[in-house]
Amino acid sequence: MSHATTMHAVEPAESPLTPESWGKLGMWIFLAGDAMTFGSLLAGYGALRAGSLDWPDPTKVLGINLTALMTFLLICSSVTMVKGLSAIRHGDQKGMRNFLLLTALGGAIFLGLQAYEWTHLMTGEHKVLFTTFGGQKSLFGATFYAITGFHGAHVTGGVIYLLVVAMRGMRGKYSAENYNGVEIAGLYWHFVDLVWILVFTFIYLIPNPA
Amino acid sequence: MSGTHQEPNYMAVFYSLAVLTAVEVGVAYFKALPLLVMGLLLVVLALVKAFLVGMYFMHLKFEKRTLGIIALTPLILCTLLIIALLPDLTGTKRKSDTTAAVAEAQHEAAPAAEGH
């Protein structure tokens with residue numbers, strides 16, 4: 001099957017905003033919706049926190065050193081992702097595969113650190129649980145685990161997604177002429193990074209008003 | 001298909017993000033700052049980082065402008081959502097310690113009952 005026939009037979013019309021592929025437009029629309037879910041969670045969190053008199057100080061309870069490391073790790077994995085895309089644009093399938101696997105590894109380490117952090121919070125001195133925290137303060141734990149957990153679920157999905165793309169890459173599905181699949185996976189991965197940047201600020205860094 | 005995109009200097013974006021993250025942590029530890037200033041600084045830093053990721057890693061800078069509008073929609077809607085939530089915050093603040101709140105309410109109710 002020649003390249004030209006696949007191009008014209010499969011795609012009935014050119015996508016208006018992303019001429020390269022419909023998939024990219026689809027991913028952007030999905031991400032806009034997903035961003036709204038995160039946005040609502042964070043806005044709800046903000047409203048609950050601002051309305052509380054005795055919200056625990058996040059910098060004291062959560063600790064930000066480990067989370068800063070996690071933030072840095074996600075930024076690094078975003079870089080390996082763009083490096084992978086850059087590799088396949090230049091026709092380097094092996095380089096793409098290696099960078100995609102590195103990106104997935106970064107995501108997996110992030111999840112490991114999050115599991116460590118959660119365990120530490122649940123069993124540590126403050127006993128931050130899903131619905132209880134130091135006795136009765138329930139909203140702190142509930143919002144914390146809902147938001148970081150929802151993000152962690154996205155990272156989990158992203159790691160699986162990246163592994164699938166890497167496997168497809170190993171079977172030679174992508175090339176210098178056809179790298180849309182890698183670019184679309186990259187969009188999702190960078191979005192997960194972008195959301196974490198905001199979660200890190202709003203959940204971990206913003207101080208309590210005195 | 002190839003060559004339609006310019007490739008940004010990814011490493012420069014990476015270094016900026018890493019430095020901004022370090023600055024954020026530094027600001028969060030710098031307790032001498034007034035809380036409002038600290039909060040605003042942190043939000044601005046986070047938005048700058050999000051902007052860098054969106055523009056360069058997600059290539060919004062090289063896409064059609066309408067796609068950028070799609071990407072900005074959630075930000076606009078969330079701003080409206082926050083405005084819609086503001087009236088909820090003007091009332092009396094609530095203590096999340098429910099037992100204490102119940103005890104307090106009973107305590108307040110008790111003197112009234114004694115009066116009869």
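The angle between two helices is taken between their N-to-C directions, on a scale from 0 to 180 degrees, using axes fitted to C-alpha atoms over the stretch in contact. Keep that in mind as we look at this predicted model. In chain A, α4 and α5 pack at an angle of about 165°, and chain A also makes a contact with chain B. Let's walk through it topic by topic.

**Chain A as a whole**
- Chain A contains seven helices and zero strands.
- The C-alpha trace of chain A spans about 65 × 30 × 25 Å along its principal axes.
- Of the 210 residues in chain A, 40% are buried.
- Among contacts in chain A with a separation of 6 or more, 72% are between residues 24 or more positions apart.

**Helix α4 and its partner α5**
- The axes of α4(A) and α5(A), the latter covering residues 93–123, lie 8 Å apart where the helices pack at about 165°.
- Because an angle over 145 degrees counts as roughly antiparallel, α4(A) is roughly antiparallel to α5(A).
- The crossing of α4(A) past α5(A) is left-handed.
- Sorting the residues of this contact by class gives 15 nonpolar, nine polar and two charged.
- After α4(A) comes A:G91, which has a positive phi, near 80°.

**Where chain A meets chain B**
- The contact draws 47 residues from chain A and 46 residues from chain B.
- On the chain A side, the elements giving two or more residues are α2 (22–50), α4 (65–89), α6 (138–170) and α7 (180–205).
- That side of chain A has 27 nonpolar, 13 polar and seven charged residues.

**A closer look at A:M36**
- You will find A:M36 in helix α2 of chain A.
- Leaving out residues up to four places away in sequence, A:M36 touches B:P74 and B:L77.
- Is A:M36 buried, exposed or partly exposed? A residue needs 20 or more neighbours to be buried and 12 or fewer to be exposed, so A:M36, with 16 C-beta neighbours inside 10 Å, counts as partly exposed.
- From C-alpha to C-alpha, A:M36 and A:T131 are 24 Å apart in space, and 95 residues separate them in sequence.

Notes
Residues are numbered from 1 along each chain as its sequence is written. Chains are lettered from A and ligands numbered from 1 in the order in which they are written. This is a predicted model: local features need pLDDT of at least 70, side-chain atom pairs count only at pLDDT 80 or more; totals for chains, interfaces and linings use all residues. Two residues are in contact if their C-beta atoms, placed from the backbone, lie within 7 Å. Helices (H or I, at least four residues) and strands (E, at least two) are DSSP runs, numbered from the N terminus. Ala, Val, Leu, Ile, Met, Phe, Trp, Tyr, Cys and Pro count as nonpolar, Asp, Glu, Lys and Arg as charged, and the others, Gly among them, as polar. Angles under 35 degrees count as roughly parallel, over 145 as roughly antiparallel, 65 to 115 as roughly perpendicular and the rest as oblique. A crossing is left-handed if the near helix is turned anticlockwise from the far one by less than a right angle, and right-handed if clockwise.
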